[in-house]
Amino acid sequence: MLAELALRLITPAGRMTRRLGLVSESTALWARGLRHRKAWAVHHERCRAVVTDVVAALPSRRCVVVLGSGLVRDVPLDLLCRRFSRVLLVDAVHLPPVRLRMAFRRKVTLLTRDLSGVMGWLAGESQGRIDPVADLVTDASVDLVISANLLSQLAWPVEDWLEENPGRAAAFPADLPARCIAWHLDDLARFQGRVVLLSDVEMVERDRAGAVIERLDLMRGVALPEPDESWDWPVSPFGEIRRDREAVHRVGAWRSFGGPA
C-alpha cells in the first residue's frame, strides 16, 4: 500500500487526470498485476500472441502505435522494437516504472494523451470532444495500431465523474460514457494501417459455487462484431475484493478491426 501511495504521488499527471481517478487506477492496476501475475499470465500471453501473429504478416513495419499502452504488459514490446522503426506508446498516464523502462529504448516515444477526448470538455475547457488521434491518423507511416485493453476503460471515469458532479452532469449527454466507447471505435476506423483491437467486453462476478452474482456489459450497449478469438481473464480472483467472490472478464481480440483480414 505504501509503494502504491508513493507511486501515485510521484506520477506526472494533470489536475483533471487525477480528478478522474486515472492515476489511482493506474497505480492500483500496477499493484494488482504484481499480486496476480500468475492469474493474469494467460491473458497477457494471448494478447501478445495475437499481436505477434499480426506483425509477422505485415508487409511494412515503419511505425506502430499502441493506444492504452498502460504498463506495457499486454503487447510484445521487444518484438515491436525489433521489427518497427518507431514505437509510439500512447496513454493518459505513464507511471514512473514505465518511464524508466522506456528511457533505455531509443525507438520508443511516450505520448501523454486523453484518448477519450472528453477530459477538457468535463473540465469546462472546451465545448466538446477534442480529437485525440488527429495527428496520428494522418501519419502515413503508421503501419500498425494496437488498442490494448483500453476500450472498456474509457467509460468508467466519465460515469464516475457524472455521478459525483450531478449539478454539472445535466450539461452533458446522458449516454456520454457509451459515446466514449463508440468514439474510440470510430477513431480506430480512421487509421490507414492495420488495426488490432484487444478489449474486455463483459464482467461476470461469481461465487465459489460458480453461481453468477452479477453480469456487466463493459461496452455499455455499444455493438461490436464477433471477435476472431476470445478468452477469460480472472481480473479479481477470490480474495482480491471479497473472500467468496471472483470477477472474470471476457476478452475479445480483433486482428484487423474495420479492415481487411
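The structure is a predicted model. Helix H1 covers residues 2-10, and its axis comes within 9 Å of the axis of helix H3. His 184 belongs to helix H11.

- Val 72 has a relative accessibility of 7%, so it counts as buried, since buried means under 20%.
- Strand S4 (142-148) and helix H9 (156-164) are the elements on either side of the loop with Asn 149.
- Asn 149 counts as buried because its relative accessibility is 11%.

- Leu 2 is located in helix H1, which spans residues 2-10.
- Leu 2 is exposed because its relative accessible area is 71%, and the cut-off for exposed is over 50%.
- Together with Leu 5, Leu 9 and Ile 10, Leu 2 makes a nonpolar surface patch of about 460 Å².

**How H1 meets H3**

- Two packed helices are described by the angle between their axes and by the distance between those axes.
- For H1 and helix H3 (residues 22-35), the axes come within 9 Å and cross at roughly 140°.
- The crossing of H1 past H3 is right-handed.
- On the H1 side, the contact is made by Ala 3, Glu 4, Leu 7 and Arg 8.
- On the H3 side, the contact is made by Val 23, Ser 24, Thr 27, Ala 28, Trp 30 and Ala 31.

**His 184 in helix H11**

- His 184 lies in helix H11, which runs over residues 176-189.
- Is His 184 buried or exposed? His 184 has a relative accessibility of 2%, so it counts as buried.
- Which residues are in contact with His 184, leaving aside its neighbours within four places in sequence? They are Leu 67, Arg 129, Ser 147, Leu 150, Leu 151 and Leu 154.
- Val 133 is 51 residues from His 184 along the chain, and the C-alpha atoms of the two residues are separated by 9.5 Å.

Note on methods. Residues are numbered from 1 along each chain as its sequence is written. This is a predicted model: local features need pLDDT of at least 70, side-chain atom pairs count only at pLDDT 80 or more; totals for chains, interfaces and linings use all residues. Side-chain values use heavy atoms; hydrogens and water are left out. Buried means under 20% relative accessible area, exposed over 50%, partly exposed in between (1.4 Å probe, protein chains only). Helices (H or I, at least four residues) and strands (E, at least two) are DSSP runs, numbered from the N terminus. Patches are made of residues with over 30% relative accessible area and no salt bridge: like charges are joined within 9 Å, nonpolar side chains (Val, Leu, Ile, Met, Phe, Trp, Tyr) within 5 Å. Accessible areas come from the Shrake-Rupley method with a 1.4 Å probe; for residues, only the protein chains shown count as cover. A salt bridge is a side-chain nitrogen of Lys or Arg within 4 Å of a carboxyl oxygen of Asp or Glu. Axes are lines fitted to C-alpha atoms, for helices over the stretch in contact, and angles run from 0 to 180 degrees between N-to-C directions. A crossing is left-handed if the near helix is turned anticlockwise from the far one by less than a right angle, and right-handed if clockwise. Contact means heavy atoms within 4.5 Å.
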